[in-house]
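Please look over the sequence and the model before reading on.

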Amino acid sequence: MRLSMKHISLLLSLILLPLAAIAGKPAFLMEFDNRWDLSDGVPEKALLISLQGVVNKDGPELYFVYPPSWPWKITPAMRDFFTARHGFEFTELDDTAEALEVLGDQASGYVVWDKEVRTSLIVAFTVAGLENAVVVNEDLIPMAEAVGLKMVEDLRGDFRGMTDAEIYRDAYDLYWDRCSRDIIIWMGGAAGKRMEPGLADYGIYRGAFFCDLSANPDDPEELALTRKVLSEQNPQSVVMGWHSYGKDTEGQLTSLVSSYRLKMEGLNSLPNISFHTQVPFTDDFRFRNHHNVKPDERVVPEAKVYISLIQTDSIGIGAWTKPGRGRIPYAWQVSMNWTWIAPCSIQYFTESATPNDYFIGGLSGPGYMYPKPIPEEDFWPLMKEANRLMDLLDLRVMEIMDYSEGNRHVGNTDLDRDVVDRYYKAFPDVIGFINGYGSARTFDLRDNRPMISYDYYLGLRRPVDEAVADLRELIYLNPERPYFLLVHVRESTTIDRVAEILEGLGDEAEVVPLDVFLKMAAEKPTFRKRYLQPEDPKDFNPY
Amino acid sequence: MPAISRFLSCALLVLLSALSLKAGSGDLSGSWAIDREAGTAIDPWSRILLEIRVDGKNIHIGRTFSTGRRTTSQEYTLQAGKTVEVPVQWWPGNRHIGAYIGGDRKERIHSEWADDGRTLLLDSHYILSTSQGETPVRSHFEYRLSRDGSTLTVIELRSSRNKPVVHVFRRG
């Protein structure tokens, strides 16, 4: 057998693994392309992601760099961060066969999914986590067997002609008892011929149950099973992934999850979490937020228009790595559970923040939740946890979003008086609250701590001239000065584009950091207090 | 068919067409689908459908906005030459901005036909509620039919907005 330099290098890497503590941390890396069709790209990537979940059970060993179009934008930046701050030394793997050759012996075998039944792949991920197996379709069996892996389960033919409700009922009967009660994976998102299972490694790593069950009342059988699995998870545990675009809405699933006092953490495409979760903060790391005011400071506004900008939807899927960051004050909503799910990501964002980047907590609590469906008795322990995370992360602003009675198109995203009362009671140390996603109309001020809703939603496709006209219209309709105009910037919108829009306003407005904005709004509140009213439109996300 | 019958049928058709135009027009009647590329951006919606029915002086306008799984509709009936009050559940003018129907949640709409029935003029008065309070707003709409009857251009001049809103619809 002739060994190439590549093989020699890989063998050396394996030999050196036990010496990690001395000579840096060896790990393997592969770059993914952008093919995510079930018949083109997904079979091999599903195998690799399952391999990642299996091998990372013994420590962070396998990392993937995703393409620029992937929703989570920072896999190259995190690779560099792991190298620079944690001393990882990555050896690149060329293809699936090589990955199996190098790392396949850590798997106990393979599970075969059925090419004719998309859902069988989701079930196969559950089996992979329980059996320490990789997932293959029948075309990839020879590749798995070439490295000595044996079949541990064959799903071919098991589910043909069955509905998803029937398939998941079978999976529940067979595997549920052995699955985690702390994590469940919603392998939703793209539907039909496409699947983007970036999060599957973490589900396998944690031995989670995988599904993309519907929360839509139009699917009563699936909804019944959705309720059953959610009701059997541990209180305050996490639902990771995303709803299926082919079955229901974000609002429907998140409303349901919230009603079972569970925490949603997106997305189905979130990559490398089995790796991230095992890389702790470095010893020299300290959380620090770029506060611009002291908690008890007073800031007197002038008679002008003040604009503050927030990007929600979590940091990693947005504009963090795009040009322009640091150019203007910007607030970023942090997924607070990353302190334990992916601590290294939190460290990366904190250390790469500019003085104009200000972090806030959200969404609505310790995870993505809607407050209106949360039973009141469960609200308090959840928000206690949110307070703990905010304190840990040096966050002083809580952002709230509720799509249980509408969204940015229809219905409302407002809070009734009782819910607002609860937030003020539960978060005595915040300097203010943000509400909405699109524009909303819940406003309050208590103890110099305002609750302000978004007055503007800057969509991805909004033309610059229309956005300028929108902001001018708001300025006309709100004639008192100061006017506090809070803007939600949709995740992928670049800061350069936002700056161009704001320049279109000329001297009419000043952009200020969010904490300064809240302090000034508290000093001279020109907004009217308002809560959800009975006559406000409702468009329920039934659950 | 005897020649006299053919002649009477044609004459009746011509007469009905003429009456239709005179009444001010049935030509706007029908289903209209937005041409997104031809006018002002319609985000956050991806589709807007218009359903117009003209019945004598009554003008029935239905608007359906949709995106993804979300669809919502509004409809009202106007009377040419008169001002009517129309209840409004939500204001569709701009879903990006924090402005909502206020006051008594009604629009007062005056409608007129112009250009021999090819243009419908609406003047709508209503109150918008924002974070600082309420502001009276006037919207002037022109529903303008193209000469070939295939395109309906809806222009809105809103007193609160410097920029006109232009939506172009194709007959469905």
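Which backbone nitrogen does the side chain of Asp515(A) reach? The side chain of Asp515(A) extends to the backbone nitrogen of Asn292(A), at 2.6 Å. Asp515(A) belongs to helix H18 of chain A, residues 514–523; helices are DSSP runs of H or I of at least four residues, strands are runs of E of at least two, and both are numbered from the N terminus.

Asp515(A) is buried, that is, under 20% relative accessible area with a 1.4 Å probe and protein chains only. Leaving aside residues up to four places away in sequence, Asp515(A) touches His290(A), His291(A), Asn292(A), Val293(A), Tyr358(A) and Ile431(A), where contact means heavy atoms within 4.5 Å.

## Basis of the model

The model is predicted: local features need pLDDT of at least 70 and side-chain atom pairs pLDDT 80 or more, whereas totals for chains, interfaces and linings use all residues. Residues are numbered from 1 along each chain as written, chains are lettered from A and ligands numbered from 1 in the order written, and side-chain values use heavy atoms, without hydrogens and water.

## Chain B

Of its 172 residues, 48% are buried. Among contacts in chain B between residues at least 6 apart in sequence, 39% link residues at least 24 apart.

## The interface of chains A and B

In this interface, 33 residues of chain B are in contact with 44 residues of chain A. The two chains bury about 3300 Å² between them, 44% of it on carbon and sulfur atoms; buried area is the accessible area (1.4 Å probe) lost on putting two parts together, summed over both. On the side of chain B, Arg69(B), Arg70(B) and Gln132(B) lose the most area to chain A, together 24% of what that side buries.

There are 9 salt bridges between the chains. Asp536(A) forms a salt bridge with Arg105(B), with the closest N and O atoms 3.3 Å apart. Strands S4 (70–79), S8 (119–130) and S9 (133–145) of chain B are the elements that give two or more residues to the side touching chain A.

How values were computed. Buried < 20%, exposed > 50% of the residue type's maximum accessible area, 1.4 Å probe, protein only. Lys, Arg positive; Asp, Glu negative; His and termini not counted. Salt bridge = Lys/Arg side-chain N within 4 Å of Asp/Glu carboxyl O. Polar contact = N/O pair within 3.5 Å; in protein donor to acceptor, adjacent residues only side chain to side chain.
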